[in-house]
Number of protein chains: 2
Amino acid sequence: MAGEGVKLLGYWGSPFALRVRSALKLKGIEYEYQEEDLGNKSPLLLQSNPVYKKIPVLLHNGKSISESLVILEYIDEVWKHNPLLPEDPYERARSRFWAKFVDEKCVPALVGTISKVGEELEKGAREAREHLKTLESGLDGKRCFGGTKIGFADVAIAWVAYLARMEQEALKIQLIDQQNMPVLAAWIDYVLEDPVMKELMPPHDKVFKHMIDMREKLIAIVSN
Amino acid sequence: MAGEGVKLLGYWGSPFALRVRSALKLKGIEYEYQEEDLGNKSPLLLQSNPVYKKIPVLLHNGKSISESLVILEYIDEVWKHNPLLPEDPYERARSRFWAKFVDEKCVPALVGTISKVGEELEKGAREAREHLKTLESGLDGKRCFGGTKIGFADVAIAWVAYLARMEQEALKIQLIDQQNMPVLAAWIDYVLEDPVMKELMPPHDKVFKHMIDMREKLIAIVSN
């Protein structure tokens, strides 16, 4: 499907940019992708998101939309086929609630833990685990957050959960695994096996190295 | 209009509960209101919002919806007359962006400033002012955030702006006034003059006293 001049400013390892790429892909919308150097942001990024100066930014018909969850809503409203949000208002509210929960609780806990060592690392992992456990309750016996098929909340949450798993591996901590969060673990496996999601998945070793590098840099900053 | 068993759990001084009350009122939806004692929350609140245990919670047809912005979307989808969000997807994205901005930037800065004294108070006020100034840019020459009539972003932002003004008065700091933010100041005056908003406005002296009490309690905690 022609995207009528759709362009996305993103960054390969950003779960927020991956949300938008998944949504565009699930809808089959063609778009131009511009990879940003976050240490040297393009004038287009600075100009199209003057408030946050952050990716992702969706450019469409000469207008720019920022904030990944706002972009997902926009995509679902402009291209109505293959809806991301369920039809029922209550189910839509549930999807929005859990996507918001991930951004407000899980993301800060996961990001905060990356730079921790020793006891603080254990404490950070415990906090992140508690939020992920709460998130798991949102599945409530369903296959996906959106019900039976991958939708708004699934693409919003999956990339954060994916990075949580990479963090678990890189930092040798327990976050989401078969034993402590079987329902959430099964859900991630299911969502990431989807051909659209699989195609977008960044290379394992690149993400792993990126996480270790980021950790080392952050620890150096904190201990200085 | 019959609200088919609509109930709201709220707190009189909460801008988040006031958002929902404004939305229901603008749509003319009848509802039962239950005032919560935040120091001793009702079993109904704890049970219907187990994740955050916070007001506002909207109960409708035996289901509960939490998070004020999620509730506003729900209300707009269930009762489609007098729409809160504009029709155009880009304008809807703008409304969502600014409502989110207020919760992510303005609210924490304003709340954080309440307990500050001396130089820290000046610093807190300066930070809050910067965010409010950015917010002002969102009006972009329009009468309201929603365009020409009060909508989603207006009810979301107005009560926060109203409390910012009360904070300005109670703490004798500069936040939003005619001189430094003429566009935002004119917008608040306009929105709060709307009969629906005016009717919901808590009594000035009660809010003022509440703010001073809260400040004193917080300062006592911080200095202990």
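Visitor: In this predicted model, at roughly what angle do the axes of helix H6 (residues 152-171) and helix H7 (residues 182-193) of chain B cross?
Guide: The axes of H6(B) and H7(B) come within 10 Å. Their crossing is left-handed. H6(B) is therefore classed as roughly perpendicular to H7(B), the crossing angle being roughly 110 degrees.

Visitor: How many nonpolar, polar and charged residues does the contact of H6(B) with H7(B) have?
Guide: From H6(B), the contributors include B:Ile157, B:Trp159, B:Tyr162 and B:Arg165. H7(B) supplies, among them, B:Trp187, B:Ile188, B:Asp189 and B:Leu192. By class, the contact has three charged residues, no polar ones and 10 nonpolar ones.

Visitor: Which residues of H3(B) does H4(A) meet?
Guide: The two helices cross in a right-handed sense. On the H4(A) side, the residues include A:Tyr90, A:Arg96, A:Phe97 and A:Lys100. Their counterparts in H3(B) are B:Val70, B:Glu73, B:Tyr74, B:Glu77 and B:Val78.

Visitor: Which residues of chain B lose the most area to chain A?
Guide: The contact between the chains takes 24 residues from chain A and 24 residues from chain B. About 2300 Å² is buried between them, 70% of it from carbon and sulfur atoms. Of what the chain B side buries, 25% comes together from the three residues that lose the most: B:Tyr52, B:Tyr90 and B:Phe97.

Visitor: Which strands stand at the edges of the sheet in chain A?
Guide: The sheet is open, with four strands in the order S2-S1-S3-S4 and mixed pairing. An edge strand has a single partner, so one of its sides is left without a neighbour in the sheet. This applies to S2 (32-35) and S4 (63-66).

Visitor: Which residue in S4(A) stands opposite A:Leu59?
Guide: Strand S3 of chain A covers residues 57-60 and runs antiparallel to S4(A). Four bridges join the two strands. Opposite A:Leu59 stands A:Ser64.

Visitor: Which strands of chain A does helix H1 touch?
Guide: H1(A), residues 15-27, packs on the sheet. Its direction makes about 155 degrees with that of S1(A), residues 6-10. The strands touched are S1, S2 and S3.

Terms used: Residues are numbered from 1 along each chain as its sequence is written. Chains are lettered from A and ligands numbered from 1 in the order in which they are written. This is a predicted model: local features need pLDDT of at least 70, side-chain atom pairs count only at pLDDT 80 or more; totals for chains, interfaces and linings use all residues. Side-chain values use heavy atoms; hydrogens and water are left out. A crossing is left-handed if the near helix is turned anticlockwise from the far one by less than a right angle, and right-handed if clockwise. Contact means heavy atoms within 4.5 Å. Two strands pair if DSSP finds at least two bridges between them. Axes are lines fitted to C-alpha atoms, for helices over the stretch in contact, and angles run from 0 to 180 degrees between N-to-C directions. Buried area is the accessible area (1.4 Å probe) that two parts lose on being put together, summed over both. Angles under 35 degrees count as roughly parallel, over 145 as roughly antiparallel, 65 to 115 as roughly perpendicular and the rest as oblique. Ala, Val, Leu, Ile, Met, Phe, Trp, Tyr, Cys and Pro count as nonpolar, Asp, Glu, Lys and Arg as charged, and the others, Gly among them, as polar.
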